[in-house]
Structures are given as C-alpha cells and as structure tokens.
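Let's take a friendly walk through a protein and its ligand. Have the picture at hand as you read.

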Amino acid sequence: MKDETKIILAGRHPHEHEGAVNTPVYHASTILYPSLAAIRGNEPMRYTYARRGTPTSTALEEAMMDIEGADGCVLTPSGSSAVSTAILSVVKSGDHLLMVDSAYYPTRSFCDKFLTRMGVETEYYDPLIGGDIETLIRPNTSLIFMESPGSQTFDVQDVPAIVAAAQKASVKTAIDNTWASPHFFKPLAHGVDLSIQAATKYIIGHADALLGTVCANGNVYRDLRHTHGLLGLCAAPDDVFLALRGMRTLATRLKQHEQAALEIAAFLSEFDFVREILHPGFEGAAGHDLWKRDFTGAAGLFAIEVDPLDEESLAAMLDNMSLFGMGYSWGGYESLILPAEITRTATEHNQTRQIIRLNIGLEHVDDLKNDLYHGFVRAGCIKI
Ligand SMILES: *Cc1c(COP(=O)(O)O)cnc(C)c1O
C-alpha cells in the first residue's frame, strides 16, 4: 500500500465507534474497573488509567507506528518533550552522548543544562561526519542523536553510514525527523532505533497545538514506554485529535509545500544578493545528493543567505511583510519568515552570515513571491 493511502487508513476503526469516521475524543482520568478481579489484575483491561492511554491516544500511536514502520510509539505534550523522552530512555549517568552540532536549539539546551546535571556527557559532532563518527565512539557512548536536515542550516546527514557505525559498536541511534516527516523519510527503515516528530509542525499542520511522538523499534520500545511512564507524560486528548485530523491531509499538504518552496527557492536564486540557497531539495544546493538518495520529498522550510543587512534594513523588510508572519515554529498552512540564530560548538560558523529562514505555507506562490520581492526592495537589496 502506498504511503498516501496508509495515511488515510492508519489508526482508524470506525466500527468500534458507532461508525464515526474519526476516532472520538475520550476525555478521561479515571477508568472504571468492572470487578475486584480486574482491579487485582486478574482480568485483562485494555485501559487502566487515562494517563497510560485511551482509545484516542491509541489511535494516534497506531497511526504513527503504521506510517513509520515502528514496533511502538509514545505521545508527549510537545516535540521538545519527545526529544528528551527519547534521550532519557537510553542514557544513564556516566554515559557519553554524541549530538549533532546542527541540532534544534532547545535540544542542545536539554543536553547542556539537564543531561550535564545527570552526569551524562554530550559531545557535539559535525553534521557532515558520516561514517567517521566511529572515531568519536567511546566505550561509554550509548546514543548517537541525529537531526537531518539540521535546524536553521539544513545540513543533510549520512544516516545509513552513521547507523552502520553505531550498530557495529552496539550504540543506539535516535533522529529528530521533523523536517521530512515520516512521509518523506523513514528512519526506522534505515535502522535508526528512535524516530522523533514534533507533531506540532506538519502532522498537526495548522499552528494550533503542540505535540510530540517517538516511534521505536523492538530494541528500545520497552525502555521508551517505561521511561515515558516514569516521567508521567501524556498528551491532551483534544491535541491528539488535532494530530489525527491533521495527519489525514499530510501527504497532500506536503506536496504543495514542497512545490511552492522549490519554486520560491528558484525565484530567489536568480537575485545577485542571494548568496546561497540552504535547501537540500534544491538542485545544486549543499546536501542535495544525499537528500536525493535517502528522501522521497522535501519540506517547505528552507533558508537563504543574503548579503549582510543592517538591523534597520532588515526591520524595514520584516516588519512590513503582508503574508509572511514572524514567529517561531513552522509547518502550518501560513508562511513565516525569521532571521536565523545559529549556535555551533563543534564546527565553524561565521556569525556574520545573514541567514533568513522561510516557512512556505499554502498561499498562492505568486503572492508569496510578490511579498518577498517587495520586502527585499524595502531592505534595499533590490533597487527599483
Ligand atoms: C519545533 C521543533 C521541535 C520542538 O517541538 P515543540 O512542539 O515546539 O516542542 C523539535 N525539533 C525540531 C526540529 C523542531 O523544529
């Protein structure tokens, strides 16, 4: 079955819910037991307490497992808590963690400010390291964490080479796969143990809720589920419903996001003030070959490097956009624009590079081009 069809069917059982197409929202804390024997654990109960699951959360877990090809899935209240839960399900005090240098900034903060306190050492590595990651693996390395393409700079990692090195040394692997979503890249099929989604982005897709998912293969699922339970995590039922609802149009939305972003990248690449297109799906851009080998599509989030702008010119552009809003997050139906803020500790990064990140939404691409064109006129990049 093709992914597009799987996305429609996954996790749905209408006839268990009076024929309703979408799984209803179960608002619950207490689950009532039918007998003392059931309370004693002598009668099978599908649900025992709503923090541990309801038919609503099961529907999304099942759907994600189907789409990711996973043995198990847990839901968390945000993408960031999905990252921390995945890491905590593997590492223990005294361990060494290899973290990609282009990781989402709050992921870095979790390592630097929380794992340090737990006695876990984080070492950042070059996103382009590939199979040479084996030279960084120590006897106490327990996890290699990837994010590909990386936040803000979109460096594509050689996931198969990194996984091969990890497996040789019996080290677990995790990836933040939010950019591609499980529709465009399947981490578990590449041997990754834990696949993380900030469902906040493309799965919910409408900028109106926060949610995270972690999918796992059989090597780590028990530890993941156990850790998730010990941390007391669960996702709110209305947000889970929004994720299930958003997911049904994931493939359709992504097709449009992809096409429009590539068209806008091509449009921008024609201007002299645009120094680089940071978009792995764009022909000739950095990471394009690896992207082509491993991914089946590209998201609508990318960046451009432009000639340096002073703050006043940048404000003249960004403060007066008519379609592109300025704000964190992405993956919704509306376009967004932000100056990138980049932190690197294992690799060089020239902080004077003027990088602008674009989230291409579902507006007509001609209107978006027009908005960007006038913005760059206000910034003084285009002289008319
Ligand atoms: C947004 C994002 C997250 C965090 O998701 P939240 O739901 O905002 O906590 C994690 N990883 C990546 C790559 C993201 O873009």
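Which element gives the largest share of the lining of the largest pocket? That is α5, with three residues; helices (H or I, at least four residues) and strands (E, at least two) are DSSP runs numbered from the N terminus.

A word on the model: it is predicted, so local features need pLDDT of at least 70 and side-chain atom pairs pLDDT 80 or more, while totals for chains, interfaces and linings use all residues. Residues are numbered from 1 along each chain as its sequence is written, and side-chain values use heavy atoms, without hydrogens and water.

**The pocket**

Among the 21 lining residues, Tyr104, Tyr105, Gln152, Tyr328 and Glu341 lie nearest the centre of the largest pocket. Both α5 (105-115) and β10 (336-339) supply at least two lining residues each. Because domain 1 (3-247) and domain 2 (250-378) both give residues to the lining, the largest pocket lies between them; the domain bounds come from an automatic or database assignment.

**The ligand**

Now turn to the ligand, which 13 residues surround, with Gly79, Ser80, Asp176, Thr200 and Lys201 the closest (a heavy atom within 4 Å counts as near).

| Residue and atom | Ligand atom | Distance |
|---|---|---|
| Gly79, backbone N or O | oxygen | 2.8 Å |
| Asp176, polar side-chain atom | nitrogen | 2.6 Å |
| Lys201, polar side-chain atom | oxygen | 2.6 Å |

The protein covers 91% of the 390 Å² of accessible area that the ligand has on its own (Shrake-Rupley method, 1.4 Å probe).

Technical notes
Polar contact = N/O pair within 3.5 Å; in protein donor to acceptor, adjacent residues only side chain to side chain. 1 Å grid on protein atoms, 1.4 Å probe; cavity = no way out; pocket = protein on both sides within 12 Å on 5 of 7 lines; lining within 4 Å.
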